[in-house]
Amino acid sequence: MRSIFLTVICTAFFLSTSFLSFGQSDEDQVRQAVNMLFEAMQKADSAGVVDAFWPQGQLQTIAKASDGSAVVRNQSLLAFGASIGSRKPGELDEQISFGAIHIDGALASVWTPYEFFYQQKKSHGGVNSFQLVKINGVWKIQYIIDTRR
């Protein structure tokens, strides 16, 4: 009797945790897709960084030119991945907080204020603006633009 009871309890537990992962909301899945990028960055995992994006993913940053005006700089996904892969695990730590998350069908827009730490020292902060696309049930980053200050 006791073994039947334990079997029923264990089965119920595993079924409930399975349904929880399959029942994740789109918002949870979007957060997970964004977090995947920053976890890969912290591990200096270039393949993981590139895998967080769709192959045509784009990266841009808004910086200041020498005269103080705003300028938009582009970086290729492969160059970004290689840059991350050239670091030691733990050197890069971008700490984000999720602001607004908007989802309409297969499109998600995410706003994340951040602080960036290099070798445990704060380097800069700003905001990331992500555009994600859901294809075949998978959310991936299509586009990032950020500010730096």
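Buried means under 20% relative accessible area, exposed over 50%, and partly exposed in between (1.4 Å probe, protein chains only). This is a predicted model, in which local features need pLDDT of at least 70, side-chain atom pairs count only at pLDDT 80 or more, and totals for chains, interfaces and linings use all residues. Residues are numbered from 1 along each chain as its sequence is written, and side-chain values use heavy atoms, with hydrogens and water left out.

**View 1. The buried residues of helix α4.** Helix α4 spans residues 77-85. Helices (H or I, at least four residues) and strands (E, at least two) are DSSP runs, numbered from the N terminus. In α4, L77, F80, G81 and I84 are buried. These residues lie on the same side of α4, because they cover an arc of only 100° around the axis. The arc is that of the directions from the helix axis to the C-beta atoms. The cover over the buried residues of α4 includes α2, α3 (46-51), β1, β2 (70-75) and β3 (92-96).

View 2. T61 sits in strand β1, residues 53-64. T61 is buried, at 10% relative accessible area. Its contacts (heavy atoms within 4.5 Å) take in V71, V72, R73, I145, D146 and R148, leaving aside residues up to four places away in sequence. Two side-chain polar contacts are shown. One joins the T61 side chain to that of D146 at 2.4 Å. Another joins the T61 side chain to that of R148 at 3.0 Å. A polar contact is a pair of N or O atoms within 3.5 Å; within protein, one must be able to donate a hydrogen and the other to accept it, and residues adjacent in sequence count only if both atoms are side-chain atoms.

**View 3. The D146–R148 salt bridge.** The side chains of D146 and R148 form a salt bridge, 3.2 Å from N to O. A salt bridge is a side-chain nitrogen of Lys or Arg within 4 Å of a carboxyl oxygen of Asp or Glu. D146 is buried, with a relative accessible area of 10%. R148 is partly exposed, at 48%.

View 4. R31 and E27 pair through their side chains, 3.1 Å from N to O. Both belong to helix α2 (residues 26-42); they are four residues apart, so about one helical turn separates them. R31 is partly exposed at 28% relative accessibility. E27 is partly exposed at 34%.

**View 5. The K122–E115 salt bridge.** The closest N and O atoms of K122 and E115 are 3.1 Å apart. E115 is partly exposed, with a relative accessible area of 34%. The whole structure holds five salt bridges.
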